[in-house]
Amino acid sequence: MPKYAQRMYDMEDTAIIIRNLFNAMSDAEMISFGGGAPATEGLPVDIVREICNEVLTYEKRGTEALQYGSVLGVKDLREAVVNFLLKPKGIQASIDEILIVNGGLETMNLLCQVYINPGDVILVESPTFVHCVEIFKMFQAKCIAVDCDEHGLIMKDLEEKIQKYHPKFVYVIPTFQNPTGKTLPVERRKKLAELGTQYDVIILEDDPYQELRYSGEAVSPIKYFDKSGHTVYANSFSKIFSPGSRLGFVYASKEIIMKLFDAKTATNSHTSTLAQVICAEFFHGGYFSQHLKKICEIHRQRRDVMIKCIDQYFPTNTKRVFPDGGLFTWVELPNNINTTDLLKEANENKVHYIAGESFFVEANGKGKNCMRISFGNVTPEKIEIGMKRLGSLIQSKI
């Protein structure tokens, strides 16, 4: 067989992590705290069936849904993004600044196609979302970690590394961060937008959890503070509508959108028109508001059970994040517990999580006593059972 492209070797370590994550999610006997899926019980099955029965006819939108469509995306779905998802955040956008993509991750892929040459630097949080690191490595970018504290990115370290490495992007998940669940304060968001302008660097704001807030006060996106178009705002419908629909969107300046347009035509022509039509009707049919309340209540309950179980079953000197929203919490165990080593035994006990060092690009053992735990698609009853098993295993290692 011919030798694989070098990119496949460059991304190999992160690819193994993602492969194992999806394998654990498909094991029916496993209580998986590893994946980032929302609650199955919150998926709008009945609503989608009603929408399909109503609009998928020749007289209405059936042929539109099943035919080729616009590269930018279905017009009324882009209008829904502007009116239902951006305007409430204080952002005034035009539908010509919106591109509908195949899930939130396609934005990262397309943006790399537009900007990244092998060896280019991307600054990332420490820790950061491993799936995006996999994409960045596929494009042979060099990921450099920026120091974080209990609130997220430290601006002093970020500015020093911008000056030192001259990155193409700063990749950040500012709201209910993956993997930690932390939220970047408003003053740091303002500063981050200013740094993008000052140093001519793209601030890639990945914000798929923004709507899933269960407590605390809402914070404006970094894009809200952007004065020069250097911030690119990426979001997803996976958590607020359906992961299976594979829908996301990117909001950026028209100049950037047109470059992404060209990259998308060379990649997959356009996003599924069928999924877009159904999603557009979901918003314009008035379903979104009540659905969001429902899923926030489901996930709030699961978060609270998860936090209670950590406090009850884990060692007393365990540190954990109380997230105001999203799907994850971050746990720091006593230093002698190596969560990578522990994972095999946990899996034998039919419990899965993601070991902490997987999320650090530094590759120096940082995070070896940490873990990301997702409460999104695990019922309260199974959270209790799985966390009791996991806590008992951890306690046995002390």
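Reply: Here is a close look at one helix and its surroundings.

This is a predicted model, where local features need pLDDT of at least 70, side-chain atom pairs count only at pLDDT 80 or more, and totals for chains, interfaces and linings use all residues. Residues are numbered from 1 along each chain as its sequence is written, and side-chain values use heavy atoms, with hydrogens and water left out.

The part is helix H5, residues 75-86. Helices here are DSSP runs of H or I with at least four residues, strands are runs of E with at least two, and both are numbered from the N terminus.

Start with length. The expected span is 1.5 Å times one less than the number of residues. H5 has 12 residues, so it should span 16 Å; its end C-alpha atoms lie 15 Å apart, which agrees.

Next, burial. Buried means under 20% relative accessible area, with a 1.4 Å probe and protein chains only. Buried residues of H5 include Asp76, Arg78, Val81 and Leu86. The buried residues of H5 pack against strands S2, S9 and S10, and against helices H11 and H12. Contact means heavy atoms within 4.5 Å.

Now take H11, residues 273-284. The axes of H5 and H11 come within 9 Å and cross at roughly 40°. Axes are lines fitted to C-alpha atoms over the stretch in contact, with angles from 0 to 180 degrees between N-to-C directions. On the H5 side, the meeting residues include Leu77, Ala80 and Phe84. On the H11 side, Cys279 and Phe283 are among them.

Note on methods
Buried < 20%, exposed > 50% of the residue type's maximum accessible area, 1.4 Å probe, protein only.
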